[in-house]
Amino acid sequence: MAEKVTLPCEFKYDYAMRGYVNTLRAWLYVTREEYGAATALKLYEKVCKIDDRAKGLTNTILKIFKLEGNDVETIGQWFDIWFELCGMEYTWLELSKTRATAKITKCVWKTGYKDLSGWCSIWLNIIGETINPKATFEQPKRMCAGDPYCELVFKIEE
């Protein structure tokens with residue numbers, strides 16, 4: 001009987017993360033090819049909302065890391081964890097209780113089609129609204145749309 005192979009945690013993480021990212025991208029691409037970009041984005045939003053999947057993940061991270069509050073700083077802390085988990089490279093250009101601006105220079109989620117560039121706005125809006133229903137999100141720059149970096153802006157109007 002062969003000895004059981006021990007795999008390093010880093011390899012397991014990399015394998016799982018790449019599989020997750022590549023499966024999402026492939027699903028978006030195939031759906032786009034078959035039904036068009038608008039339908040792909042519509043279906044992706046439905047997937048995120050089925051059984052409150054994105055909200056559940058948001059709340060799980062809030063609970064595990066004991067993040068409290070519902071201001072933009074809390075949204076920023078949540079994204080610090082998410083970006084680290086995903087292997088993103090980013091900088092907070094601004095981070096306060098009511099406004100945050102992040103510049104992402106490496107994104108593992110980047111898609112190859114500009115007409116799918118709105119997919120992550122769907123996800124980001126759900127995260128922000130889960131932490132605070134009054135949170136709004138804008139994405140003035142998108143690598144998926146051909147920009148050199150992504151710019152994420154979260155706000156909560158007082």
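Q: At what angle do helix 4 and helix 5 pack?
A: In this predicted model, helix 4 covers residues 72-86 and helix 5 covers residues 119-131, and their axes lie 10 Å apart. The angle between helix 4 and helix 5 is about 130°.

Q: Which word describes helix 4 and helix 5 relative to each other, oblique or roughly parallel?
A: Roughly parallel would need an angle under 35 degrees, and roughly antiparallel one over 145.

Q: What is the hand of the crossing of helix 3 and helix 5, left-handed or right-handed?
A: Helix 3 and helix 5 pack at an angle of about 55°, with their axes 9 Å apart, and that makes helix 3 oblique to helix 5. As helix 3 passes helix 5, the crossing is right-handed.

Q: Which residues of helix 5 make the contact with helix 3?
A: On the side of helix 3, the contact is made by Ala-54, Lys-55, Leu-57, Thr-58, Asn-59 and Leu-62. The residues of this contact of helix 3 with helix 5 divide into 7 nonpolar, 3 polar and 1 charged. Those that helix 5 brings to the contact are Trp-123, Ile-126, Ile-127, Thr-130 and Ile-131.

Q: How is helix 2 oriented to helix 5, roughly parallel or oblique?
A: The angle at which helix 2 and helix 5 pack is about 25°, with their axes 9 Å apart. Because angles under 35 degrees count as roughly parallel, helix 2 is, relative to helix 5, roughly parallel.

Q: How many charged residues does the contact of helix 2 with helix 5 have?
A: The contact is made by Leu-41, Tyr-44, Glu-45, Cys-48 and Lys-49 of helix 2 together with Trp-119, Ile-122, Trp-123 and Ile-126 of helix 5. By class there are 7 nonpolar residues and no polar ones, and the number of charged residues is 2.

Q: How many residues line the largest pocket, and which lie nearest its centre?
A: About 450 Å³ of space lies in the largest pocket, and its lining residues divide into 22 nonpolar, 3 polar and 2 charged. Among the elements that give two or more residues to this lining are helix 1 (9-35) and strand 4 (150-156). The lining has 27 residues, and nearest the centre lie Tyr-20, Leu-24, Tyr-44, Trp-119 and Trp-123.

Q: In what order do the elements of the chain run?
A: The chain has 5 helices and 4 strands, and its C-alpha trace spans about 65 × 40 × 35 Å along the principal axes. From the N terminus on, the order is α-α-α-α-β-β-α-β-β.

Notes:
Residues numbered from 1 in each chain as written. Predicted model: local features only at pLDDT ≥ 70, side-chain atom pairs only at ≥ 80, totals over all residues. Heavy atoms only, no water. Axes fitted to C-alpha atoms, helices over the stretch in contact; angles between N-to-C directions. 1 Å grid on protein atoms, 1.4 Å probe; cavity = no way out; pocket = protein on both sides within 12 Å on 5 of 7 lines; lining within 4 Å. Points joined across faces, edges and corners; volume = space filled by probe spheres on them. Nonpolar A, V, L, I, M, F, W, Y, C, P; charged D, E, K, R; others polar. Parallel < 35°, antiparallel > 145°, perpendicular 65-115°, else oblique. Left-handed = near helix turned anticlockwise from the far one by under 90°. Contact = heavy atoms within 4.5 Å.
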